[in-house]
Amino acid sequence: MVVLPVRFERSPRLHPMLSEDTFPVGTRVVVQGKRGPEVATVRGEPGQAKNNERYGAVLRAATPEDLERWDKLHRTGEDLKWLLRARARERGLAVKLVAVEFTLDESLVTVSYSADERIELTGLIGEVREHTSARVNFAAIGPREQAQMIGALGACGRENCSSHHLQDFAPVSIRMARDQQLPLNPEKLSGPCGRLLCCLQFEHTQYQDLLRDLPRKNAKVCHTGTGACGKVTKLHPLAGTVDVYSDQGMLLNVPAGELRRASDSDGKGPAGKRGADAPD
């Protein structure tokens, strides 16, 4: 037995599946997942199973009949999605129906939705039952999962990370934007989901390391060469420099290594380090 990483249609996340056979990358296979049999695509080389891990299973390579049936169920799900959206509007339900997905054997249909507050959707079950005998499951998803399933373009002009390659949603905080010296503009820091950009955490560790060698913002410092003193107004972590507004009214850009902390006595001592956890 080997473990094959497979990817489902609406998410870039890789799911390890046990398989008796190996399949080339790109092969569409039928897998037994949590919901039931579904069609997925092999997206990596085979590996070894780990103890105490729970895996789904690759049942077989998808046949032309499997793919034809899968495509038909996908079209049925899309039609149902638009029908349910219309019925939800008629009933005044504050909900967004994101996706309607069948298992390959049509034993289960999962209706993924997002809503700002808890909402009762059992009234829509009858609408689904008019078109299929499958068991209906309503699954609430968050804004990030919604953006992942729908797909969108990010501020960079490329497909958003959550629907392209992101495997997990790591916590993102406004502090990450502060550490990267970004303007705290919600419109520029938010992704298509309306939450903070996932990419803010990609380089955060590197910025934390760079900031440890810089004085903290608003610190009083002096230049070791000229003796000019002033207040730190801005940090440039990538360049290793800071902007200093001098006591003479000049704005200077100075390498952090040429600064020392201002002192009321002899002025000796290094400039105060900001540190990764020091407040701005």
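**Exercise 1.** Over residues 56-141, what percentage of the chain is helix and what percentage is strand, and how far apart are the end C-alpha atoms?

*Solution.* Keep in mind that this is a predicted model. Start with the record: the unreviewed UniProt entry annotates residues 56-141 as "domain: PSP1 C-terminal". Next, look at the make-up of that stretch, which is 37% helix and 30% strand. Finally, check its ends: the C-alpha atoms there sit 22 Å apart.

**Exercise 2.** Work out whether Arg7 is buried, partly exposed or exposed, then trace what its side chain reaches.

*Solution.* Now follow the side chain of Arg7, which gets to the backbone oxygen of Ser11 at 3.0 Å and to that of Ser163 at 3.4 Å. Then list partners beyond four places in sequence: Arg7 touches Pro12, Arg13, Leu14, Ala40, Thr41, Arg43, Ser163 and His164.

**Exercise 3.** Find the largest cavity and say which elements and residue classes line it.

*Solution.* Begin with the count: there's one cavity of 30 Å³ or more, and the largest has a volume of about 40 Å³. Its lining includes Val221, Cys222, His223, Leu252 and Val254. Going by element, β9 (220-223), β10 (229-236) and β12 (251-255) each supply two or more lining residues, with β9 giving the most, at three. Last, sort by class: eight of the lining residues are nonpolar, two are polar and none is charged.

Notes. Residues numbered from 1 in each chain as written. Predicted model: local features only at pLDDT ≥ 70, side-chain atom pairs only at ≥ 80, totals over all residues. Heavy atoms only, no water. 1 Å grid on protein atoms, 1.4 Å probe; cavity = no way out; pocket = protein on both sides within 12 Å on 5 of 7 lines; lining within 4 Å. Points joined across faces, edges and corners; volume = space filled by probe spheres on them. Helix = DSSP H or I, 4+ residues; strand = E, 2+ residues; numbered from the N terminus. Nonpolar A, V, L, I, M, F, W, Y, C, P; charged D, E, K, R; others polar. UniProt positions renumbered as here; feature names shortened; annotations may be inferred. Contact = heavy atoms within 4.5 Å. Polar contact = N/O pair within 3.5 Å; in protein donor to acceptor, adjacent residues only side chain to side chain.
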